[in-house]
Amino acid sequence: MTAAHALIPAEPSPPDDAKPGRQRRALGPWARFALRRLAGLVTLTIVLVTGTFLMVQLIPGDPARVLAGPDASGEEIERLRRTLGLDKPMVSQFADYVGGLAHGDLGRSFHTRESVTDIIATRMPFTAQLALAAMVVVLLVAVPLGMAVAVRRSRRVDGVFTFSTGLLGSVPEYVIATLLVLIFAITLRVLPATGAATPASLILPIVAIALPSVCFMARVVRREAGTVLEQDYIRAARGRRLPPWSLYLRHVLPNLLTATLTLSGLMLASLLGGTVAVEAVFSWPGIGLRVVDAVLARDYPVIQGCVLVLGLLAALLNLLVDVTLAVLDPRATLDGGDH
């Protein structure tokens with residue numbers, strides 16, 4: 001190095017925070033996790049809003065003609081179309097729809113002129129009651145059943161379990177609901193077929209909603225429990241002759257927690273959607289029955305509002321599951337999506 005070069009001061013190195021990649025690392029894992037989930041929720045909301053609007057546009061039939069009745073004249077139908085805003089171009093209708101959502105307004109029913117928000121507030125407790133009760137039944141039945149089959153280690157039991165859960169799990173909820181009504185309400189007459197007047201009215205709808213999910217979750221628990229039972233620490237625990245309740249509750253069950261929680265959140269969201277057909281079969285006064293009536297009546301605002309709320313609830317439930325898993329296992333959840 002020459003003397004002239006020695007006199008030139010060295011260029012200061014940038015601070016650590018200004019180096020490439022440092023700013024991204026400056027955000028903690030929880031901040032990155034929250035930003036990812038928030039971005040996903042915003043994107044999903046946009047998709048839901050657009051999808052619910054386009055969905056009702058594809059329903060055949062004219063709501064104004066259905067509402068006016070078969071004897072209405074063309075002038076009366078056209079006047080009703082203007083009143084409902086159906087004469088506007090689709091772009092204008094979508095702008096009005098989004099504008100109403102921005103102000104918390106889901107619109108009003110074409111038929112009853114009742115606020116869609118009030119309809120959902122009145123009927124959502126009935127739907128939530130069914131979905132939550134069905135989820136409790138799924139957990140209380142599927143987890144012990146799956147663990148029992150895994151512990152049993154019998155080819156015959158495993159074969160019967162696989163066949164029966166595969167068969168029952170593939171039957172749609174509305175088919176199960178119809179069979180339950182036929183057997184227990186019409187033939188045996190031991191349970192009510194419709195309504196929500198008594199606690200007994202809950203039994204058949206809950207069974208119809210929960211049965212396919214019980215089969216699916218029990219198969220998952222059986223597979224996960226079988227994997228856990230093959231681990232070395234389980235063999236060591238058996239070698240210490242631990243009592244069965246301690247072995248399965250303290251060593252096996254906690255290792256099923258992550259998979260069970262993940263599946264439970266997704267399943268609860270699907271149970272909310274699965275109540276639609278079941279509520280129609282049992283005349284259960286929830287959102288599902290109202291959606292079916294709205295589809296038959298071409299009541300666009302009710303369909304849009306109910307489907308949008310159910311979709312957002314499913315998204316929030318999935319977000320809650322992600323946060324819960326991040327709390328229980330921060331390394332696997334918070335760092336898993338940053339690579």
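There are three salt bridges in this structure, a salt bridge being a side-chain nitrogen of Lys or Arg within 4 Å of a carboxyl oxygen of Asp or Glu. As background, side chains of opposite charge can pair when their charged atoms come close.

A word on the source. This is a predicted model, in which local features need pLDDT of at least 70, side-chain atom pairs count only at pLDDT 80 or more, and totals for chains, interfaces and linings use all residues. Residues are numbered from 1 along each chain as its sequence is written, and side-chain values use heavy atoms, with hydrogens and water left out.

Take Lys88 and Asp96. Their closest N and O atoms are 3.0 Å apart. Lys88 has a relative accessible area of 39% and Asp96 has 43%, so both count as partly exposed. The cut-offs are under 20% relative accessible area for buried, over 50% for exposed, and partly exposed in between, with a 1.4 Å probe and protein chains only.

Next, Asp158 and Arg222, which form a salt bridge at 2.4 Å, N to O. Which helices does this pair link? Asp158 sits in helix α8, residues 155–169, and Arg222 in helix α10, residues 203–229, so to speak distant parts of the chain, 64 residues apart. Helices here are DSSP runs of H or I, at least four residues, numbered from the N terminus. Asp158 is partly exposed at 30%, whereas Arg222 is buried at 18%.

That leaves Asp299 and Arg290, with closest N and O atoms 3.9 Å apart. Both Asp299 and Arg290 are buried.

Technical notes. Helices (H or I, at least four residues) and strands (E, at least two) are DSSP runs, numbered from the N terminus.
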